[in-house]
Structures are given as structure tokens and as C-alpha cells.
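Hello,

Here is the structure I promised to send over. Have a look at it first, and my notes follow below.

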Amino acid sequence: MIGNKFALTNMALFRSLLLIILIVAVSSCQTNAQLSPNYYSSTCPQALSIVKAEVASAIKNETRIGASLLRLHFHDCFVNGCDGSVLLDDNSTFIGEKTAVPNNNSARGFNVVDNIKARLEKACPGVVSCADILAIAARDSVVRLGGPSWKVRLGRRDSTSASRSAANASIPPPTSNLSALISSFSAQGLSIKNLVALSGSHTIGLARCTSFRSHIYNDSNIDPSFANSLRRICPRSGNDSVLAPLDRQTPTSFDNLYYKNLLEKKGLLHSDQEIFNGSSLTDGLVKMYAADTSLLFKEFAKSMIKMGNIKPLTGNAGEIRINCRKAN
Ligand code: HEM
Ligand SMILES: *[C@@H]1O[C@H](CO)[C@@H](O)[C@H](O)[C@H]1NC(C)=O
Ligand SMILES: *[C@@H]1O[C@H](CO)[C@@H](O)[C@H](O)[C@H]1NC(C)=O
Ligand SMILES: *[C@@H]1O[C@H](CO)[C@@H](O)[C@H](O)[C@H]1NC(C)=O
Ligand SMILES: *[C@@H]1O[C@H](CO)[C@@H](O)[C@H](O)[C@H]1NC(C)=O
Ligand SMILES: *[C@@H]1O[C@H](CO)[C@@H](O)[C@H](O)[C@H]1NC(C)=O
Ligand SMILES: *[C@@H]1O[C@H](CO)[C@@H](O)[C@H](O)[C@H]1NC(C)=O
Ligand SMILES: *[C@@H]1O[C@H](CO)[C@@H](O)[C@H](O)[C@H]1NC(C)=O
Ligand SMILES: *[C@@H]1O[C@H](CO)[C@@H](O)[C@H](O)[C@H]1NC(C)=O
């Protein structure tokens, strides 16, 4: 009798302990306690308005730069977390990520980041990180081009190093099939829903012939007249850098036409069309976003926040770079 009661109490205690451990584990996974939307509100109250103004003026000069800035944040976060590593320049003793396969002759927007950083250093020296600049500029670009807004979580610090091999390995290539895309996102803690929503970034911006060549010549899951029109500017060999819009209709508006294109087999990249090619894992999501812009905007904003939470450096880790191109 007594022994039984004792065992029961012990069991209850053990269960509540397990529950507490579970809750702690889940909450530390999903939210990033260290990042906060108000991080700079006392140390640099002008931070958000400075970034917003610089992004607006850069987009006024060249609309595409909004897309380029959004992509930089993605390429930063997928390589050892959102730590500004993508911004470091190569030098005689250092190889960074700028010449990794996904970035070489492709990543752009670095001068805009320099201009933003220069203004921030004048206003509040040594306070705002380059990694946070990328996160804010990505949001401001999306908003400027007609997309959703969200509260950017802040407080990331900058790395003192970078990894070209990690950039080669972690940023998915446009030749990826669906299962490779899913594993690449899953390795970053991102779900299939996040994958499909974030792919909607390809509603803005351009890609080079070299990124879509094999899709327009070799794949069967592409509309023939769409493939033909692209073959006219992107030959089987040569013209590697000729550009085509990722969203063939409105490449400077953040809307849901990217998904409508996929329904018509008019995705530009092999990887784009992979998320609508007969798999029940993703086809339904593509149809939903093609039908409902406000649902897309909600999921996109949530997914951007989640991507922005990937392994930030906080506390005493890393540094606040003075020049985004070089460790202090
Ligand atoms: C799902 C896997 C993805 C693949 C395979 C992929 C691949 C690519 C490729 C190959 C390009 C064209 C690069 C060039 O030819 O120079 C591109 C452009 C772009 N990507 Fe992605 N991407 C993916 C996901 C994302 C995500 C998650 C974002 C943002 C959150 C993003 C944002 C962009 C933007 C905005 C552009 C246009 C950039 C510009 O015009 O400068 N992509 N992507
Ligand atoms: C404006 O955009 C062009 C590319 O279209 C670029 O070469 C130039 O540096 C930009 N100017 C400024 C001030 O950002
Ligand atoms: C990057 O592109 C340049 C110019 O096209 C090329 O010369 C260089 O070999 C490329 N670097 C790498 C690492 O692929
Ligand atoms: C990344 O890929 C490029 C091009 O294939 C290659 O030259 C380079 O050696 C790779 N770098 C690393 C560190 O894996
Ligand atoms: C998808 O791509 C991966 C990596 O390239 C490959 O190993 C795998 O066999 C492919 N899966 C399918 C279903 O084609
Ligand atoms: C098409 O696929 C074949 C066989 O895999 C390959 O040899 C060829 O280079 C590809 N063509 C293009 C334009 O990518
Ligand atoms: C190369 O691109 C240019 C500019 O888009 C285009 O006019 C030309 O026809 C292309 N050349 C070939 C051989 O496809
Ligand atoms: C897309 O699906 C079709 C069959 O529906 C298949 O033949 C094709 O290989 C798939 N395409 C790609 C690029 O995986
Ligand atoms: C090269 O770049 C690295 C990373 O930014 C930096 O730590 C180092 O000081 C730079 N070296 C020179 C000579 O500028």
C-alpha cells in the first residue's frame, strides 16, 4: 500500500519534471528570447528610420536592388546563422562567402549596406550590427515593393569570420529537386510551409541564364512557349549573364503571381517548378497562395521572422562591425 502510493507520487513528480523540460525546450526552440523588436530603441532610436530611408532611395535608383537586399539576408542566415558573414570581403589572408558558388557574380547590394552602415555609424557609433541591417533592409524592401510588413527582431551581432564551403553546401542550388529543397530548409529548422512561403521571394528580382538554362532545355515540366521565349535570350552556351525575371509578369511587385506562374508551369528555375510538380507535400500550399494573397503575406512574414532567428550571435559572441566588409 505505502510502497504503491510512494511510487505514484514519484511518477507524478517525474511527469511534471518531464513536462517542464519539454516546455523549456520547445519555447527556446521557437522563439528567440535574445532578439527583440525594441533592441535599439534607447541605444539608437533613429536606426529603423535610417535604414528605411536608405532602402527607399536605393530602390528609387534601381528597383531590382530591393530583391537583391532580400536575398542577401537569406544568404546570410543559411550560412552559420544570421551573422553578417556574407558581407565580409576576401583579402590576401581571408576567403569569405562572396565567391562561393551561389554568390559569385550574383549576390549584390553590398554598396547599399555600406551606405546604411555609414549613416548608422554617424548617428550611433558601434551600436547597430551588419546582420541586423540585413534583416531590416530585407523587410523594408519587401514593404516598399508592395509586400507584407513585420516587426523585425533585433540584437544580432556580427561574425568575425565566414565560410565559403558552408555557403557552397548550405544555400540550395537552382538544380535542387523537392526533397533536396526540403532537407536544405529542414537543416535550418524551417518547415515545408516555410519553404513554400519563402520561395515566394521569387516574385521579385532576376536570375541569370546560367541559373535557368538546364530547366528551359532539359525539363519537361515547363510550358513549351515559355521555354521557347527564354531560349531566344539564353542559348545552350554563352550569354551566361543574360537576365530574366523570376516572376515573368511583375518582377518589381511583391505579389502572388509567382505562384500563379507555377500553376501554369511557368516557373523560371527548376527549383521553383519543383514545389508544384505533383507532390502532395507542396502542391496544395502553392494553390492556396496562388488563390489568397493575404494568406501568403501572413505566412511569408511569419517565415521571414523564423529565418531571421537562425543561430544569431548574441551576448558577448561576435562583435558590432564598424565596417560591414571587414572584421574589426
Ligand atoms: C528555395 C530555394 C531557393 C533557391 C534554389 C534559390 C535560387 C535562386 C537563384 C538561382 C537565383 C538567381 C541568381 C542568379 O542567377 O544570379 C535567385 C534569386 C533570388 N532569390 Fe532565391 N532561391 C531560393 C530561395 C530564396 C529565398 C528563401 C529567398 C528570400 C527569402 C530568395 C530570394 C531571392 C531573390 C529576391 C532573388 C532575386 C535577386 C536579385 O534580383 O538580385 N530566394 N534565387
Ligand atoms: C544606382 O543604380 C545603378 C545600377 O542601376 C548603380 O550602378 C549605381 O551605383 C546606383 N547608384 C547609387 C547612388 O546607389
Ligand atoms: C567568380 O567569378 C569570376 C568572374 O567570372 C571568376 O573569374 C572566378 O573564377 C569565380 N570564382 C570562383 C571561386 O568560382
Ligand atoms: C566552393 O565552390 C567553388 C566552385 O565550385 C570552388 O571553387 C571552391 O573551392 C568551393 N569552396 C569551398 C571552400 O568549398
Ligand atoms: C534529389 O536530389 C538528390 C541530391 O542531388 C539526389 O540524391 C536524389 O536522388 C534526388 N531525388 C529524387 C527523388 O530525384
Ligand atoms: C541537359 O542534360 C544533359 C544530360 O544530363 C546534359 O548533358 C546537358 O548538358 C543538359 N543541357 C543543358 C542545357 O543543361
Ligand atoms: C544574348 O542576349 C542578348 C540580350 O538579351 C540577346 O539579344 C541575344 O539574342 C542573345 N544571344 C543569343 C545567342 O541567344
Ligand atoms: C515532375 O513530374 C513529372 C511527372 O509528373 C516527372 O516526369 C518529372 O520528372 C518531374 N520533374 C522534375 C523536374 O522532377
Ligand atoms: C582580412 O579579412 C579578415 C576578415 O574580415 C580580417 O579579419 C583581416 O583583418 C583582413 N586582413 C587584412 C590584411 O585586411
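Let's start with threonine 203, which sits in the loop between α8 (192–199) and β1 (206–208); helices (H or I, at least four residues) and strands (E, at least two) are DSSP runs, numbered from the N terminus. Threonine 203 is buried, at 0% relative accessible area (buried means under 20%, exposed over 50%, partly exposed in between, with a 1.4 Å probe and protein chains only). Beyond its neighbours within four places in sequence, its contacts (heavy atoms within 4.5 Å) include Asp247, Thr250 and Asp255.

A word on the model: it is predicted, so local features need pLDDT of at least 70 and side-chain atom pairs pLDDT 80 or more, while totals for chains, interfaces and linings use all residues. Residues are numbered from 1 along each chain as written, chains are lettered from A and ligands numbered from 1 in written order, and side-chain values use heavy atoms, without hydrogens or water.

UniProt, in an unreviewed entry, lists Thr203, Asp247, Thr250 and Asp255 under "binding site"; such annotations may be inferred rather than shown by experiment, feature names are shortened, and positions follow the numbering used here. These residues are spread over 53 residues of sequence, yet they cluster in space, with a largest C-alpha distance of 9.6 Å.

Aspartate 247 lies in the loop between β2 (243–245) and α11 (257–263). Aspartate 247 is also buried, at 0% relative accessibility. Among the residues it touches, leaving out those up to four places away in sequence, are His202, Tyr258 and Asn261.

Happy to talk it over!

Best wishes
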